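Please look at the sequence and the model first.

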Amino acid sequence: MKKNCYLCPMNQKKRKEYITNSEKKEALKEISKFVLDLAKLVFAGVILGSIMDMEINKSGLLIIGGLIAVILIASGAYAYYVAIKKY
């Protein structure tokens, strides 16, 4: 008598599950929303950090924070563009 092995896939039928295009589109839209929200939070952190009277390098904060925010905005916009145009 053969026993089923639940840890190894030898006795189980191989199933292939594919992600549909509509699921990919929704996932890319959610990723783009998340990345754009991160960009908003970074931008708000840069503004709040520059307003507060702390001993920090404000020009470095503005340059690095602004660069990170721009990169996040560009990647979020690209993910949204791909979701709309490709799928």
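## The chain as a whole

The model is predicted. Its protein chain holds two helices and zero strands. Helix H1 covers residues 21-51, and helix H2 covers residues 58-86.

The protein chain has 87 residues, of which 15% count as buried. Among contacts between residues at least 6 apart in sequence, 62% join residues at least 24 apart.

## How the two helices pack

How far apart are the axes of H1 and H2, and at what angle do the helices pack? The axes lie 8 Å apart, and the angle is about 165°. Angles over 145 degrees count as roughly antiparallel, and H1 and H2 are therefore roughly antiparallel to each other.

The crossing of H1 and H2 is left-handed. In the contact of H1 with H2, 19 residues are nonpolar, seven are polar and three are charged.

## A residue in H1

Glu 30 is located in helix H1.

In sequence, 49 residues separate Glu 30 from Ala 79, while in space their C-alpha atoms are 9.2 Å apart.

## A residue in H2

Ile 71 belongs to helix H2. Its relative accessibility is 51%. Exposed means over 50%, so Ile 71 counts as exposed.

Which distance separates the C-alpha atoms of Ile 71 and Val 35? The distance is 9.8 Å, although Ile 71 and Val 35 are 36 residues apart along the chain.

Notes
Residues numbered from 1 in each chain as written. Predicted model: local features only at pLDDT ≥ 70, side-chain atom pairs only at ≥ 80, totals over all residues. Heavy atoms only, no water. Axes fitted to C-alpha atoms, helices over the stretch in contact; angles between N-to-C directions. Helix = DSSP H or I, 4+ residues; strand = E, 2+ residues; numbered from the N terminus. Parallel < 35°, antiparallel > 145°, perpendicular 65-115°, else oblique. Left-handed = near helix turned anticlockwise from the far one by under 90°. Nonpolar A, V, L, I, M, F, W, Y, C, P; charged D, E, K, R; others polar. Buried < 20%, exposed > 50% of the residue type's maximum accessible area, 1.4 Å probe, protein only. Contact = heavy atoms within 4.5 Å.
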